[in-house]
There are 2 protein chains.
Amino acid sequence: MGEVRTILLHENVLDDIKKEGDKLRADLKRQSIYLVNVMSSPGSGKTTTLISLIERMKKDYTIGVMEADIDSDVDAVRVAERTGVKSIQLHTGGMCHLDADMTRQGLAGLDSNDANLIFLENVGNLVCPAEFDTGACLNVCILSVPEGSDKPLKYPLMFEVCDLVLINKIDTLEYFDFNFRKVEEFIHRRNPDAIILPISAKTGEGMDKAVDYFNQKIKEWRK
Amino acid sequence: MGEVRTILLHENVLDDIKKEGDKLRADLKRQSIYLVNVMSSPGSGKTTTLISLIERMKKDYTIGVMEADIDSDVDAVRVAERTGVKSIQLHTGGMCHLDADMTRQGLAGLDSNDANLIFLENVGNLVCPAEFDTGACLNVCILSVPEGSDKPLKYPLMFEVCDLVLINKIDTLEYFDFNFRKVEEFIHRRNPDAIILPISAKTGEGMDKAVDYFNQKIKEWRK
């Protein structure tokens, strides 16, 4: 099992959130670390998706994981147990989001000098995390089938700031009223450049395509 | 179809959120209006549950509905179309929660002098809404089976402030790893008084018991 520690983050009142994000991205670039920010509602399968991605990617990258939550360390323990990668639990002290400074505290806590791919699992929330630049190189949103296809209408900012939207739990499509074409239309109305991929982190469906996407983005970043 | 209007709420910086909540509750008591605050993640079925409750309760009460969202009016339109009750869409202007003053603005906008039961559907979010007293007489949280049974560990405050937790989409139990006994244990660890009821707003399972609970609470409130 990978190591698991928990740290409590402190919010810093920053004058320029975007500037701090750009600064962190520049630092990461210098260290050749690719940081992926994963956002979603509670229960859409962030942790299961991360485990599924890591299993497929750990032969090619040295991976670290930061699990942000209000409380508990169940996610960090689960990731470490299942994948063996270095994982840290970040407690936000009640905060509903992460910013670049909090992410920097997390990276220091992770203390993984050799990691070249780090996943940040943000607090489960479709509102607040979208308002803050974490300094990540890529923003991913997971929307799961049981949540319904109208979510991009109700939480527009989240779908605007995302590079990639993973539609998870696609194996449960027949049990729910979820319209894939509609969700694509709603997302692209707000964000024409968003890439949308259907996956099931549980059955593995669509995961190889998701990995291809990450590999391509990391390749571009390293150029 | 019931009437649908949309209003944009303005946040008021209040010195004492709890005091404003108590003041609103006292005003509601004088007007014999029972206000229910419904909270959950995005996509756990708040609107479907409200429709299912209203269908069963509208013969006994004059009902009004306030649908809070960052954007869109799909929920207010859906409730009005399906139930015929007076419904208003509240736009929070990007805010992730409602407080008592925003709720008061919503009630003024609903403009329903004869309503004696009003449901407030809060913004879909398990973090921020729990931090603010809306002035409601009853706090309800909906947790749906696809979200997983570990949610009370990760979002403890939400489950602490709730009088009632409805476990929705119970008809999908066999497709997901959801442990009902565990979720009861996790919720009662934080909030021993919470009432937990399994429902399926879609199939109607458990809805009569939920209605009985509301009837009982409203009877106690009116004493």
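Lys29(A) sits over the face of Trp221(A), 4.7 Å from the ring centre (a charge counts as over a ring if NZ of Lys or CZ of Arg is within 6 Å of the ring centre and within 35 degrees of the ring normal). This is a predicted model, where local features need pLDDT of at least 70, side-chain atom pairs count only at pLDDT 80 or more, and totals for chains, interfaces and linings use all residues. Residues are numbered from 1 along each chain as its sequence is written, chains are lettered from A in the order in which they are written, and side-chain values use heavy atoms, with hydrogens and water left out.

**Exercise 1. Work out which residue lies over the face of Trp221(B), and how the ring of Trp221(B) pairs with that of Tyr34(B).**

Step one: look over the ring face. Lys29(B) is there, at 4.7 Å from the ring centre of Trp221(B).

Step two: recall the pairing rule. Rings of Phe, Tyr and Trp (its six-membered ring) pair if their centres lie within 6.5 Å; planes under 30 degrees apart are stacked, over 60 edge-to-face, and the rest tilted. The structure holds 8 such aromatic pairs over all chains. In one of them, Tyr213(A) and Phe214(A) have ring centres 5.9 Å apart and planes at 80 degrees, so they're edge-to-face.

Step three: apply the rule to chain B. Tyr34(B) and Trp221(B) have ring centres 5.7 Å apart and planes at 75 degrees, so this pair is edge-to-face. The partners are 187 residues apart, with Tyr34(B) in strand E2 (residues 34-40) and Trp221(B) in helix H8 (residues 207-222) (helices, H or I with at least four residues, and strands, E with at least two, are DSSP runs numbered from the N terminus).

Step four: check burial (buried is under 20% relative accessible area, exposed over 50%, partly exposed in between, with a 1.4 Å probe and protein chains only). Tyr34(B) is buried at 2%, and Trp221(B) is buried at 17%.

**Exercise 2. Decide how the buried residues of H3(B) are arranged around its axis.**

Step one: list them. In helix H3 (residues 74-83) of chain B, the buried residues are Asp75(B), Ala76(B), Val79(B), Ala80(B) and Thr83(B).

Step two: look down the axis. These residues fall within an arc of 130 degrees, so they line one face of H3(B) (the arc is taken over directions from the helix axis to the C-beta atoms). An α-helix has 3.6 residues a turn, so residues three or four places apart point the same way.

Step three: check the other side. Glu81(B) and Arg82(B) are exposed there.

Step four: find the cover. It includes helix H5 (151-154) of chain A, along with elements of chain B, among them helix H2 (46-57) and strand E3 (63-69).

**Exercise 3. Describe how chain B relates to chain A and how much area the two bury between them.**

Step two: compare the surfaces. 34 residues of chain B are in contact with 34 residues of chain A (contact means heavy atoms within 4.5 Å). 100% of the interface residues of chain B are also interface residues in chain A, so the copies meet through the same surface.

Step three: read off the area. The chains bury about 2600 Å² between them, 58% of it on carbon and sulfur atoms (buried area is the accessible area, 1.4 Å probe, that two parts lose on being put together, summed over both). Pro42(B), Lys154(B) and Tyr175(B) supply 23% of the area chain B buries against chain A, more than any other three residues.

Methods. Copies are superposed by least squares on the C-alpha atoms of residues with pLDDT of at least 70 in both.
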